[in-house]
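I opened this notebook to keep track of what I looked up in one protein model. The entries go from the whole chain to single residues.

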Amino acid sequence: MALSLYVFQLIYKFKMLVLVTLCLMVLWATFSYFVDLRQEILKPKSMVEDFRKEDSQKEEKTESTAKVPTVKSFQGPCPALSPYLRGASKLSFKASLTLEEVQKENPQVAKGRHHPTECSALQRVAILIPHRNREKHLLYLLEHLHPFLQRQQLDYGIYVIHQAGSTKFNRAKLLNVGYIEALKEVNWDCFIFHDVDLVPENDFNIYMCDRQPKHLVVGRNNTGYRLRYPGYFGGVTALTRDQFSKVNGFSNSYWGWGGEDDDLRIRVEMQKMKVVRPSADVARYTMIFHKRDHGNEENAERMKLLRQVSKTWKTDGLNSCSYKLLSVEHNPLYVNITVDFSMQPEIS
């Protein structure tokens, strides 16, 4: 009888021990769950605070003469591929189009800038357009380019760099000016160097920079949508701030038509960088027909200049770009930068 009572008490104590152990395990599991839940709740808050801190640091470094409001979106980064993309579009150009119509179609664009409100753009992109006597072409490009860039959810600004005076047209030097002046306003991540007569047809041709310099014009209507030649690097190109400064920008020595884009490609290759391109079915453009402008005649010296790139690139470029700044006007759809160049030097 005493033995049975002892065994009963032993079993009872064992059961109580198991029960206490189980209770402790439940309490521990519950505590761990709430700790993990609190961490998950705090994680997005921490990400937002980090973004605010990073954005604040960027703004402190930026000198903005235009005083355009910077992006302060806390909804998280935009997706790598925007949900608003439509793909290929059939372009049309209305002869009677006016600037007021284009402004009315883009009410959210202010001083040439726009950014998405629903998310934080992945890059800040400056579009640089060299210009002289192409007002209608510029109007057509602005009409299509603004909605194109907005569908890509970019934080962008459009700069038109206008060459005043009668000196021969210098596309490359104008683009250097655009780069220098645009950086005085915003600490742009990416620069798109864009001819005024080329209009993109497909918004999957993303206007953002890559790890390598990017050439965006694989084909256009007047070449049967084929690459003009294997080393072609003209029309529309995208380089980051670091990539462009690494090659010392464009040469300032190409007066008239031709050669400056090949010069830039040589500079890129000399720095052990590689030109990348989107797929041929996406990187398609419509070239607006025009005759060659007076003052933009073919540059007879271009082949001679191209043979000298390895000797001249360090001293001919961003670090030697001299110009007279006549005005910087912040129009609703773009920033207009007007410059005057002195007569081009003789090629030695």
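The entries below follow the order in which I looked things up.

**Entry 1: ground rules**

I am working with a predicted model, in which local features need pLDDT of at least 70 and side-chain atom pairs count only at pLDDT 80 or more, while totals for chains, interfaces and linings use all residues. Residues are numbered from 1 along each chain as its sequence is written, and side-chain values use heavy atoms, with hydrogens and water left out.

**Entry 2: the whole chain**

I looked up the secondary structure and found eight helices and eleven strands in the protein chain. Helices (H or I, at least four residues) and strands (E, at least two) are DSSP runs, numbered from the N terminus.

Next came burial. Of the 348 residues, 47% count as buried. Buried means under 20% relative accessible area, exposed means over 50%, and partly exposed is in between (1.4 Å probe, protein chains only).

The accessible surface of the chain comes to about 18900 Å², and 58% of it belongs to carbon and sulfur atoms. Such areas come from the Shrake-Rupley method with a 1.4 Å probe; for residues, only the protein chains shown count as cover.

I also checked contacts, meaning heavy atoms within 4.5 Å. Among contacts with a separation of 6 or more, 82% are between residues 24 or more positions apart.

Which residues make a nonpolar surface patch of about 300 Å²? I found Tyr 12, Met 16 and Leu 19 there. Patches are made of residues with over 30% relative accessible area and no salt bridge; like charges are joined within 9 Å, nonpolar side chains (Val, Leu, Ile, Met, Phe, Trp, Tyr) within 5 Å. Tyr 12 belongs to helix α1, residues 2–61.

I compared the length of each helix with its expected span, which is 1.5 Å times one less than its number of residues. Helix α3 (residues 135–151) has 17 residues and should span 24 Å; its end C-alpha atoms are 25 Å apart, which agrees. Of these 17 residues, 13 are buried.

Helix α4 has 13 residues and reaches 19 Å from first C-alpha to last, close to the expected 18 Å. It is mostly covered, with eleven of the 13 residues buried. Among the buried ones are Leu 174, Leu 175, Val 177 and Tyr 179.

**Entry 3: Glu 181**

Glu 181 is in α4, which covers residues 171–183. Is Glu 181 buried or exposed? Glu 181 counts as buried because its relative accessibility is 8%.

Leaving out residues up to four places away in sequence, I found that Glu 181 touches Tyr 323, Leu 325, Val 328 and Ile 337. The side chains of Glu 181 and Tyr 323 are joined by a polar contact of 2.6 Å. A polar contact is a pair of N or O atoms within 3.5 Å; within protein, one must be able to donate a hydrogen and the other to accept it, and residues adjacent in sequence count only if both atoms are side-chain atoms.

Glu 181 also forms a salt bridge with Lys 184, the closest N and O atoms being 2.9 Å apart. Lys 184 is partly exposed, at 38% relative accessible area.

**Entry 4: other salt bridges**

A salt bridge is a side-chain nitrogen of Lys or Arg within 4 Å of a carboxyl oxygen of Asp or Glu. By this rule I count 13.

In one of them, Asp 155 pairs with Arg 124, with 3.5 Å between the closest N and O atoms. Asp 155 lies in strand β3 (residues 155–164) and Arg 124 in strand β2 (residues 124–131), so the pair ties together parts that are 31 residues apart in sequence. Both residues are buried. Arg 113 is linked with Arg 124 and Asp 155 in a network of salt bridges.

Another bridge joins Glu 269 to Arg 265, again with closest N and O atoms 3.5 Å apart. Both lie in helix α6 (residues 260–270), four residues apart, about one turn of the helix. Glu 269 is partly exposed at 43%, whereas Arg 265 is buried at 19%.

**Entry 5: positive phi**

Most residues other than glycine have a negative phi. I noted some positive values.

- Asn 133 has a phi of about 60 degrees; this residue lies in the loop between β2 and α3 and is exposed at 53%.
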